[in-house]
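Visitor: I would like to learn how to read a protein structure feature by feature. Could you take me through one slowly, giving the general idea before each case?

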Amino acid sequence: MKSKILLMGLAILLALGSTAWAQQSGSAGTQADKTDKPASPAAKQEPPVDSDDDLRKAIESSGGSETQIVANLEGYLKKYPRSAHQAEIENEIYKLSVKLRDRNRAIFYAEKILAGGENNIDVLTNLVTILRERRADGDLNKALGYSDQLVKQFEVLISSAAKPKRISAAQWEDRKQQGIASIYLLRGRVQADLGNDDKARADLVKSFGMARTAGAAITLAELAEKRKNTDEAIDYYSQGFVIALAANDEIDLKSVRRKLSQLYAAKQSSEAGLGDRVLKAYDTFIKERDERLAKLEPPNTNEGLTDALSFKLTKLDGSKLDLATLRGKVVVFNFWATWCGPCLTEMPLVEKTMVKYKDDTDVVFLAVSTDEDRELVAPHLKQYKVNLPVAYADSLNDFFTVTSIPTTIILDRKGEVAFRMAGYNPREDFSLMLSEKIEAAKKR
């Protein structure tokens, strides 16, 4: 299985290598035809740039061993130093070296990738982390330089990146803050490694302000301890302890607990009151976390319901639609989203069907938006002139286990699912099919 994964991962190199080799051979033949002159015996033969056969052998002869494939690919590059696919091969060697925790190779190839002018946040992050782990002469200073580069690149990236369509503005802002927190935490740790305590503290305070992480809290505690600021150290150790406990962070809780005990007992002569302080830190963290999560995802007011017609959905104007008022009717739900291309084709057909039933008070249509970012919905409906009744899903999609968009579900008069279809089929008359399914539901 491992061998298969490696072969699949490098198959593109073989394909590219074969194409490049064919192109080079073809261009050489064309040139010979143009000049119509035999090659001079004294002409120096340039070594081939690539060999798809040798590259295939390098991969296949590894026997699935990741260590061996690194050695084989390095051998290939040594034999073909002008390979047109040097960058791709070196990138594969880098990834395998990180996976194998081969620090020396990972650092070597990460620096080659970056020297090629590539802006790669992941490579920079890994490089700084591995340099901190290895700590050979000069590694920490190099880590600081790369972490400065990381901060600059990430801030440029995050300032210019557009919000993905499938998440809300609050979720996008949270992701950005989490990312900024992680890079400042990394640089702050490098500064702390080098003894640049003031710069370290500035980075770590910014990181902790963006996202409450145990790593930032504990490093801040260590810096406070160095400054002999016991109260601040106890405060940050307490926060780090409860955050790690609540978030299952990979932190040595026993050592943090021991440090808390030592500092607190040294200041207060006993541990009396330490538990209350830790509990207070815990309550503060949970309150802040719950408030943050509430902004990212509105509370599910329909949680625990076992009947679809017991749901209350939010309409575009913010008012509530109580689905219980639809009992005894045939209900046509069309689950859609603004980012869904097929939905743009299907919704006018749903609307066409709704017009056919405009005088039938026993049939109700509802377009149910599954968008995370609700601010996109109203402008989208206006742009495409959608006239269907619309409400937000409010977890109704989870109740029906809707995993693809669009999905159409018809409930009969008893509130039971009479028809369900995932996706849009362009090869059938959707409006006609939907009408037939509605009539069948009315007769159940």
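Guide: Let us begin with the sheet, in which five strands lie in the order β5-β4-β3-β6-β7, forming an open sheet with mixed pairing. Its edge strands are β5 (390-392) and β7 (417-422), each of which pairs on one side only. On average, neighbouring strands of this sheet are turned by 20 degrees against each other, direction ignored; such angles are taken between axes, lines fitted to C-alpha atoms (for helices over the stretch in contact), and run from 0 to 180 degrees between N-to-C directions. This is a predicted model, in which local features need pLDDT of at least 70 and side-chain atom pairs count only at pLDDT 80 or more, while totals for chains, interfaces and linings use all residues. Residues are numbered from 1 along each chain as its sequence is written, and side-chain values use heavy atoms, with hydrogens and water left out.

Visitor: How many helices and strands are there in the protein chain?

Guide: The protein chain has 17 helices and seven strands. Helices (H or I, at least four residues) and strands (E, at least two) are DSSP runs, numbered from the N terminus.

Visitor: In which sense, parallel or antiparallel, does β3 run with strand β4?

Guide: In general, strands of a sheet pair through backbone hydrogen bonds, either parallel or antiparallel. Two strands are said to pair if DSSP finds at least two bridges between them. Here β3 (residues 330-336) and β4 (residues 363-369) run parallel and are joined by seven bridges, whereas β3 and β6 (residues 407-411) pair in the antiparallel sense over five bridges.

Visitor: How many residues of strand β3 are buried?

Guide: Buried means under 20% relative accessible area, exposed means over 50%, and partly exposed lies in between (1.4 Å probe, protein chains only). Seven of the seven residues of β3 are buried: V330, V332, N334 and W336 point one way, and V331, F333 and F335 point the other way. N334, for example, has a relative accessible area of 1%, and therefore counts as buried. Leaving aside residues up to four places away in sequence, N334 touches E346, M347, V350, L366, A367, V368, T407 and T408. By contrast, K280 in helix α13 (residues 274-296) counts as exposed, because its relative accessibility is 61%. Over the protein chain of 444 residues, 41% count as buried.

Visitor: Which residues of helix α5 are buried?

Guide: An α-helix has 3.6 residues a turn, so residues three or four places apart point the same way. In α5 (residues 103-115), the buried residues are A106, I107, Y109, A110, I113 and L114, and they pack against α3 (66-79), α4 (86-99), α6 (121-134) and α7 (139-160).

Visitor: Which residues does the disulfide join?

Guide: A disulfide is a covalent bond between the sulfur atoms of two cysteines. The cut-off used is a pair of cysteine sulfur atoms within 2.5 Å. The structure holds one disulfide, joining C340 to C343 with an S to S distance of 2.3 Å. The torsion about this S-S bond is about 85 degrees, so the disulfide is right-handed. Both ends are buried, with relative accessible areas of 4% for C340 and 1% for C343.

How values were computed:
The expected span of a helix is 1.5 Å times one less than its number of residues. Contact means heavy atoms within 4.5 Å.
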